[in-house]
Amino acid sequence: MSDGGSRAATAPAQRAGRGPDGCADLARELLATMALRPWGEVAPSVYETGRLVVVAPRLAGHAERVAFLVRTQRADGAWGPPEGYALVPTLSATDALLAASTDESLPAPERPALADAAGRGLRALSVLLAANSAVPDTPAADLIVPALVDSINARTSGPDAALSAPHPLSLPTGTDRRRLTAVRAAHAAGAELPPKLAHFGELLHGPAQRSPRSRAAEPTAVGASPAATAAWLAAAGPDADGRGARAFLERVIGEGDGLVPCPMPITVFERAWALGGLSRAGIAVRPPKSVLASLTDAVGPAGVATGAGLPTDADTTAVTLYALGRLGRPIEPTSLWAYETAEGFCTWPGEDGFSVTTNAHVLDALGQHVERDPGAGARYRRAVDRLARVLRERQEADGSWHDRWHASPYYATACCVLALAESGSDGERAGTVGRAVRWVLANQRDDGSWGRWEGTAEETAYALQILLAVPSDEPAVAVAVLRGHTYLRAHVGRREHPPLWYGKELYCPTTIVRAAVLAAVHVAHRRLDNRRTGGHVVTGRQKSAT
C-alpha cells in the first residue's frame, strides 16, 4: 500500500521538517489511524494473493487478484524482491496464473495473456531454481517451495495442460520433500501439529482437523493468514461452522479491494513496535485507551502473540513488555523465562536457528525491568549481562549484525545497537557501537540514503538510529545525519516501502515502517538542533538517566 494513498501517509513528506511538534502531530495521526484499523496494516502479498486465486476462485475479488499478479510481474518474468527472495512469490504467482488461464469464470479473451505471463514466470523460475544459491531462510520455505514446484509441474504436464513446459521444474539445491511429506501425512492422520503450522494451512491436503474458535459470525482468521483461512473453508465441509472464517475473508478482501496481505491480523505486533519505537525516540505518545488495553490484555503467562491465530513468541512478548513499560504500564517479564535457552532466548521453543533481534528485544525488556526495579532478582541481572555479551559476540567483523527476521542488516544492527547502548559499561558500549557506526558511515549512498539493494526510507531510518544511539561529536557523524535527514524529508511518502520483513515471502508492515521513519526524523531533527546549540541528543533509558 503506497504512502501516497492517504493524507496521513503523505503528511511526513510535507511536514517532517516542522521539528518535534510536527512529529508529535504525525504520531498522533498515526496512532489514531492504528486504532481504526485493529487488524493492522500490511502491504498486499503476491504469495498470499496467488494462493487465494488457486484455493478460492469463487471468492469476491478474484478478477482483481488475477490482474494484480499480471500487473506486478517484473520485466524478467519474476515477482518480488531481488535474489532468492523472488523464488516464493514467483512460484505462487506462476502457479496461480496457470490455474487462471483455464478458469472459465474469467473472460476468454484475457486467458491467453494469463498463459503468456505464466510462461514468462516459468522461464524466470528455471533461472531462479538453477542458480544453485541457498533458498532464503523465510518461514516454512522447505514446505512452500516443494509444494508449489509439484503443483506447477502437475499443471504443465499431461495432454490437458494449458501450457506445456519442456522440462519439469527441479527443486533447488539443498531442498527436498521430506518435511512436506511428513507434515501432510501427520495432518491426514489427524495428528496434532505444532500451532505455528496453522499459518501455512494452504499447503496441507485433506479435510480440516478442527474449526477455528469463534463466537457466531465474529471474524476469525486461521493462522493469521487469508490463504490458510480460505483453505480451511474449502476443506472443512458443509457441516463445519465457517461463519467466522467467511466474515474474516470478506472483510480483509473488502479492505484490500480484492488483494490480501499476510500476516493478518498483526494487532499486537504492530501496536507494540510502533508505540515502543516512537516513545523510545522521545516522541510523547498517548495512545487511545483501546490500543493500550489491547496490549495489556494480550500479555499472558506464556507471553504475547503477534495477532489472533498465531502462537506466542519471545520477540512480540519482549517488544510488548518494553512498550508497556515506556507507557507507564509495566508488567514483570516473567513470561520471557519460557524462552530461555543455552544460547540466549529463542523466538519460540524448538526454533531452528538463532535470532539476534529477538535477543536484542529481550535485552530491552529485561534491562528496562532491572532499571525500573532496583530489587529485581539476580536472575534478571545475570540475563542482562549475558545477553549483552551474546550480542557483542555475534557482531560481524565489519560492525553489522544480520538476522533471520528481516532482510536488511540495518534493521538487525539498529535493534542490537539500541539495546546495547542502554546496557553494559561505557567501554563495552563504545567499542561495539563504535564499530557499528563506522559500518554505517562507510555505506551511506550518494543521495544520503542507506539500503541493502537500493536506498530506502526504512533502512535510512535504522541507519540514523544507529548513528544517534549514543552522543557523538564526530564531524563525520554530523554530516551523515544531516544527509540522511535530508533524504528522508525528500523521499518519505513519495513511493511504497519495499518488503523487507520475513514472512512466507518478504512483506511490509506499513504502519510499523512509518513509525520507524517518523522516530528517526524526530531524533535526527533534535540532533541537528542540539548540535547548533551545543547540546546532545539522548534516547531510551539514557534519557531517563539524564
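In which loop is P263 found? P263 belongs to the loop between α10 (243-255) and α11, where helices (H or I, at least four residues) and strands (E, at least two) are DSSP runs numbered from the N terminus. The structure is a predicted model, in which local features need pLDDT of at least 70 and side-chain atom pairs count only at pLDDT 80 or more, while totals for chains, interfaces and linings use all residues. Residues are numbered from 1 along each chain as its sequence is written, and side-chain values use heavy atoms, with hydrogens and water left out.

**Backbone features**

Most residues other than glycine have a negative phi, and most peptide bonds are trans. The bond from C262 to P263 is cis, with omega near 0 degrees. A cis peptide bond also runs from M264 to P265, with omega near 5 degrees, and P265 lies in the loop between α10 and α11. E83, in the loop between α4 (62-71) and α5 (87-100), has a positive phi near 60 degrees and is a residue other than glycine.

**Helix packing**

Axes are lines fitted to C-alpha atoms, for helices over the stretch in contact, and angles run from 0 to 180 degrees between N-to-C directions.

| Helix pair | Angle | Axis separation |
|---|---|---|
| α13 (residues 314-326) and α14 (residues 356-372) | about 35 degrees | 8 Å |
| α14 and α16 (residues 409-421) | about 25 degrees | 9 Å |

α13 passes α14 in a left-handed crossing, a term that applies if the near helix is turned anticlockwise from the far one by less than a right angle (right-handed if clockwise). On the α13 side, the contact (heavy atoms within 4.5 Å) includes A314, A318, L321 and Y322; residues of α14 that take part include H361, V362, A365 and R372. By class, the contact of α13 with α14 has seven nonpolar, five polar and four charged residues. Here Ala, Val, Leu, Ile, Met, Phe, Trp, Tyr, Cys and Pro count as nonpolar, Asp, Glu, Lys and Arg as charged, and the others, Gly among them, as polar.

α14 passes α16 in a left-handed crossing. V356, T357, A360, H361, L363 and D364 in α14 meet Y411, A412, C415, C416, L418, A419 and L420 in α16. That contact has ten nonpolar, two polar and one charged residues.

**Cavities and a pocket**

On a 1 Å grid over the protein atoms alone, a cavity is a set of points where a 1.4 Å probe fits but cannot get out, and a pocket is an open set with protein on both sides within 12 Å along at least five of seven lines; lining residues have an atom within 4 Å of a point. Grid points are joined across faces, edges and corners, and a volume is the space filled by probe spheres set on the points.

There are four cavities of 30 Å³ or more, and the largest cavity holds about 450 Å³. Its lining has 26 residues, with W273, G277, R280, L418 and Q465 nearest the centre. The elements that give two or more residues to this lining are α11 (267-280), α13, α14, α16, α18 (457-467) and α20 (510-533). By class, the lining of the largest cavity has 19 nonpolar, five polar and two charged residues.

The second largest pocket has a volume of about 1,000 Å³. Of its 43 lining residues, P139, A140, F200, W348 and W405 lie nearest the centre. α7 gives the largest share of this lining, three residues.
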